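Opening the notebook on this one.

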Amino acid sequence: MSIEICYVILGMLILFAIFDLIVGVTNDAVNFLNSSIGSKAAPFKVIMIIASAGILAGVTFSAGMMEVARKGIFHPELFTMPELLIMFLAVMITDILLLDLFNTYGLPTSTTVSVVFELLGAAVALSMIKLAAHAYSGLGLLDYINSTQAITIIFGILLSIIVAFASGATIQFIARLIFTFNYEKRLKYYGALWGGLALTVITFFILVKGAKGATFMDPQMVAWINGHSLIIMGSIFATSTIILQILISAFKINILKPIVLSGTFALAMAFAANDLVNFIGVPLAGLNAFKAALASSDPMTITMGALGGKIHTQTFIMLIAGAIMVVTLWVSRKARTVTETEISLGHQDECMERFESVWLSRRIVNLFHSLFASVKAVFPTVIGEIVAKRISPIPEDTHVGGKEKPSFDLLRASVNLMVASAVVSLATSLKLPLSTTYVTFMVAMGSSFSDQAWGRETAVYRITGVLTVIGGWFMTAFIAFAASFICAYIIYYFKMPGVAGLMIFVFFMMHRNKKHHEGTEKTKEEITIYHLEEVVNFPSSVSATFDHLALHLRSIRLSLRTTFNALFEEDLDTLREQRRKVKQFQMSSNIIIANIFKVLRLLQRTDHKGSYNYYQIIRRLQKLNDGHRDTVIRSTMHVANRHKGLLPAQIEELKEVKTEMLYIFEQVEIAFNKKDIVDCSHIGARFHYLRDLVDEYNANQIARIREESSKTRLSIMYYAISGNCVMMAKQTVKLLEIFNEALPSEEGANACRGLHLD
């Protein structure tokens, strides 16, 4: 490898550092934004400004962490500068690909774990190459790898998962025992002490412990702070407690809001201090190696023992990196996708769950249910009742004042931030690159667990989500090691053509991930149309409900039209696309049903005589979705299994059935949109015609079965689809009856009277 190629690789490392900052912050924004966003401690822009300030402050504390990338995983004195540049380039290529993949699917993963295992994979690859070239050097693989430090880092990361969950659960349990869910009253008496303790803990680990790595502090200042830490902390506790008590007593301020915002700043600061090494540590290590090599007489063969010493990282480089991180935080849509995952898994109330139930989550729920039952049997009943009374959530509407209430309260948010920032900052002070993602995620899950957010209605789904995220963490380690190992081999043996090929692959995958994410976001936007933001006025809520039903009917109508056409043509790709959308239709239906429940709660308060109709909408909507899902899945599986296609006569019959059914869908949809009373007799007549048509065609099908022209599987599908069409049309007409009755007039109430569909 020539010195010119080394210049090219160094330039690529610097470019990749910028890309890695972007994809890394996109993934790790979840660490410090979730608690403040989930609790709605302040407007979104205020939260973002505070987090941005924390990042800019935190990057100046990360100098000590940079040593991990230079010498934490391998022994630099056994590698030359070109070998290290190959290793670092393989790491950066893998890191960008891996993090962008996880960001696309909204799964928070660890930038620390990824960079540690990428360094390990690339180092092992280069070590094996060197061992093959120098078989009689007397060195083994473990001589090249800093196995002791690598094992310490990995063990620290795994231990942090357990510590974070246990700490979050314990502290949240204690906080809830003290304050209960009705914490506002108790804040007046001892909220200032709690706030003072929280601010003191945050400041202790951020300022005192984190000062060791600050680029702007000289050794004398650090020594003075460490020597007077008790006095400093006592002063902070006393001062913050007094100020918070004044805010409570004189200004009636909810002091948990400034605590949460302070914690957001602190955790953003801790994140930047601990995780900046994951983004620019490797490129900076490459730059240091290049400079050290150029200063020698033989830059291409000299070993890099110089990296084992102390190297000062300039503050302005840190600040530039911090500025890139801040800009990314504001503009990245993927960051919001990753953030939504943790918030949904910690939501205090029932919500639209992102994950399905799996057997392992059900087993875990059953195990803990039995465990808690055994623990309750040990303690006296009186103690159990007292504890249960203090930690039981207060039932309340999911909408307060017509607006969606926070995912969880400010007390839990303060615990999340206090515990997570303490654990992360302590690790930073010890120069242990634990995963801020793992810590903040597991603290949030621990506090959710204590707050009974994983209740009997949600536990299996939430645990599935946690298992999915944790499974992704282990996959991160495996993929990072393997991909970095392969990339290092490709770069070493194929030189610049190999680098060019990897670059093309990187940009192709990032473009593909971008398209996938845009499609996912578009689907989310389509689903959010069905959300009922305000439920304070009954007439407007009724109108919005039928607007949503019209949209839902239109979506099902278009899907059924596409499904039938694809079935007739045996177009498997189109059928599979429609099957993928089935879950989206179910989610839309669930949202509409959830909105109906909100309206029903309003009806109970106003004693309005409309509850029965709303219950009927739920019933009809569920049957309609069942028919749609069954039709799509049956059609897809029939074609996917390569069974015999529909006979020409069957196609012509189903085309007529489809036309009649879709006509009924369209007419009801128009009625819902216009909010006009509809004469049901016309649509009822079309339904009766459809039913008679299906009866006639079913008789034809019996003849085909007798002639053995229609095989068993084909006959089953034909009967099922034609039966679904009649059933879906009937449910749609029933929805029209309910719509007419909901209109405030006698004409609407009588419009469908006397219509017999059974």
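I'm working from a predicted model, where local features need pLDDT of at least 70, side-chain atom pairs count only at pLDDT 80 or more, and totals for chains, interfaces and linings use all residues. Numbering runs from 1 along each chain as its sequence is written, and side-chain values use heavy atoms, with hydrogens and water left out.

**Helix pair.** I looked up how α22 (residues 648-674) packs on α23 (residues 680-707): the angle is about 165 degrees and the axes are 10 Å apart. Helices here are DSSP runs of H or I, at least four residues, numbered from the N terminus. Axes are lines fitted to C-alpha atoms over the stretch in contact, with angles from 0 to 180 degrees between N-to-C directions. The two helices are therefore roughly antiparallel (over 145 degrees).

Next I checked who touches whom (heavy atoms within 4.5 Å). On the α22 side I noted V657, M661 and I664 among the residues in contact, and on the α23 side F687, L690 and L693 are among them. The contact residues split into 13 nonpolar, five polar and five charged.

**Pocket.** The second largest pocket holds about 1600 Å³ of space, a volume being the space filled by probe spheres set on the grid points. I counted 39 lining residues in the record of this pocket, with F368, F372, K376, F449 and Q452 nearest its centre. A pocket is an open set of points on a 1 Å grid over the protein atoms alone, where a 1.4 Å probe fits, with protein on both sides within 12 Å along at least five of seven lines; lining residues have an atom within 4 Å of a point. Helix α14 gives the largest share of the lining, 10 residues.

Notes: Parallel < 35°, antiparallel > 145°, perpendicular 65-115°, else oblique. Nonpolar A, V, L, I, M, F, W, Y, C, P; charged D, E, K, R; others polar.
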